[in-house]
Amino acid sequence: MDQEPQHSSTTATLLDPTIEQAVRRALADHGRLTVDAQDVASIADLYALGLSSHATVNVMLAVESELDVEFPDSVLNRSTFATVESIVAAAELAS
Amino acid sequence: MTLTLPTTPVVDRFAERAAAVAAVAAQFADEVDRDARPPREAIAAMREYGLLAAAVPTEHGGEGASVSELSAIATELGRACAATGMVFAMHQGQVMALWRHGGDGAGVLDTIAAVRDGALVASATTERGVGGDARRSTCSIEATDDGRIRLRKDAPVISYATEADAVFVTARRDPDAPASDQRLLICRTDSMVLSQTSTWDTMGLRGTCSNGWILDTETTVDRVFRDDYAAISAQTVLPVSHVLWASVWLGIAASASERARTAVRKQARAAIGTTPPEALRLAELLVDLQALADSVRHAAERFDAEADDPEVLASSAYALAANALKIGASERVTDIVTKALRIVGIAGYAASGPMSIARHLRDAHGAAVMVSNDRLLKNDADLALMTGVIL
């Protein structure tokens, strides 16, 4: 496979493309990352790439807004927002 | 992270079961409130999941839940349906007296076994003619010619009497005893007759069905608690009830606050990056809610720490602290729910719907009224002349 090689390095599931795009757009618009959110590996540590807890709130709101979901309390913790993959998983739980 | 509301402790052997019962309670909460009928489905679920039996000590075949654990359960239930939470709280306040004060008579031991197997216990501690003062009785336990005992009590309130398997009743020790010389008597449903005298049609906590009843019973003397009611009340019923009622009110406040947060989050999504003005009100609300949660849980831990020390529990400083929790929490819950209503706005003011705060507000007002804060303050007034607070 020559597209998105970072996915093949995960043992986890294939990410829902709609949700993943919403998450990456939210990170691009509100995450204040030091790199381009579209190119971030899905398992890369976003906090190491500049995500702050204040920016996390806006990322959460943007994902909720775009997907018309609300994250349940049980997933609102620091580890949920640590990677693209974990945000997508939480958004799937919320939908 | 900052957006997570404080709810119940995560490490909790009862958490999953409490959540399962709360889901049932939530499903019927509006109907229970509308029809002022007992939360039968939630009571059945409490029985099925062992929550009614949670506090039964291990030596009696139970799980021996601490008051801290009961507090967490009460809050979880109160978030879903305050009436269900109050039934749980009132039941626990009574049953804990069984093994702490009951002694080892056959009539007490078989009641402990019944509670272990899921029996629900109600109480008749107030009486027409003495107002709401649970520490005085007019009625008395009378001996019958054949060695049994009988009692008739005109009780202005027996909550969820129709659902209970037993009612614990206060009465004077005998027909010659003064009003304050009380005993506690176990009345099982097969040995009592209830005649309804009034109907509970109230603003809130409608599902507690706290109707008035005349209770007639004839039973055996081994159903009388070993300790006198002064000790039972001071060392168990009053402190445990105050902690668990306040735990339910905390649940009401938490639920209203969750709706406030949902409303503010919706506003925040409309202009991401700009903190909505209402978020400041929400942050203030969470200060109040955290203070309430801390005071409730601390009081629960204090009881657990002193549970086996009758001297401490009977002290006036402890009595003042137990009353302070009840009075303080009942004032705070109406305040928090009112503030939540202001934050949510018109959707909260709606009588029904997912954002309505109406039931919360009506239920919350029961906290200061159903057991009068003024009565407690009157009791405190004498103690206050000689006792300070526990710092």
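**Entry 1**

I began with helix α6 (residues 229–270) of chain B, which lies across β4 and β5 of chain B and runs at about 80° to β5(B). Here helices (H or I, at least four residues) and strands (E, at least two) are DSSP runs, numbered from the N terminus. For the angle, axes are lines fitted to C-alpha atoms, for helices over the stretch in contact, and angles run from 0 to 180 degrees between N-to-C directions. I note that the model is predicted: local features need pLDDT of at least 70 and side-chain atom pairs count only at pLDDT 80 or more, whereas totals for chains, interfaces and linings use all residues. Residues are numbered from 1 along each chain as its sequence is written, while chains are lettered from A and ligands numbered from 1 in the order in which they are written.

I then looked up the sheet that contains β4(B) and β5(B). It is an open sheet of three strands in the order β1-β4-β5 (chain B), with mixed pairing; two strands pair if DSSP finds at least two bridges between them. The edges are held by β1 (121–124) and β5 (182–188) of chain B, each with a single partner strand, so one side of each lacks a neighbour in the sheet. From one strand to the next, the twist averages 25°.

Strand β4 (residues 166–172) of chain B is joined to β5(B) by seven bridges, and the two run antiparallel.

**Entry 2: the four-stranded sheet of chain B**

I found an open sheet of four strands in the order β2-β3-β7-β6 (chain B), with antiparallel pairing. At its edges stand β2 (142–143) and β6 (192–198) of chain B, each with a single partner strand, so one side of each has no neighbour in the sheet. Two bridges join β2(B) to strand β3 (residues 149–158) of chain B, antiparallel to it. In this pair, Ala143(B) stands opposite Ile149(B) of β3(B).

**Entry 3: chain A**

I counted four helices and zero strands in chain A. Of its 95 residues, 34% are buried.

I looked up one helix pair. Helix α2 (residues 17–30) and helix α4 (residues 84–94) of chain A pack at an angle of about 120°, with their axes 9 Å apart. α2(A) and α4(A) are therefore oblique to each other; angles under 35 degrees count as roughly parallel, over 145 as roughly antiparallel, 65 to 115 as roughly perpendicular and the rest as oblique. Among the residues that make the contact are Ile19(A) and Val23(A) of α2(A) and Ile87(A) and Ala91(A) of α4(A). Two residues are in contact if their C-beta atoms, placed from the backbone, lie within 7 Å.

**Entry 4: where the chains meet**

Twelve residues of chain A are in contact with eight residues of chain B. On the chain A side, helix α3 (residues 53–67) gives the most, with seven residues.

Terms used:
A residue is buried if 20 or more other C-beta atoms lie within 10 Å of its own, exposed if 12 or fewer, and partly exposed in between; C-beta atoms are placed from the backbone.
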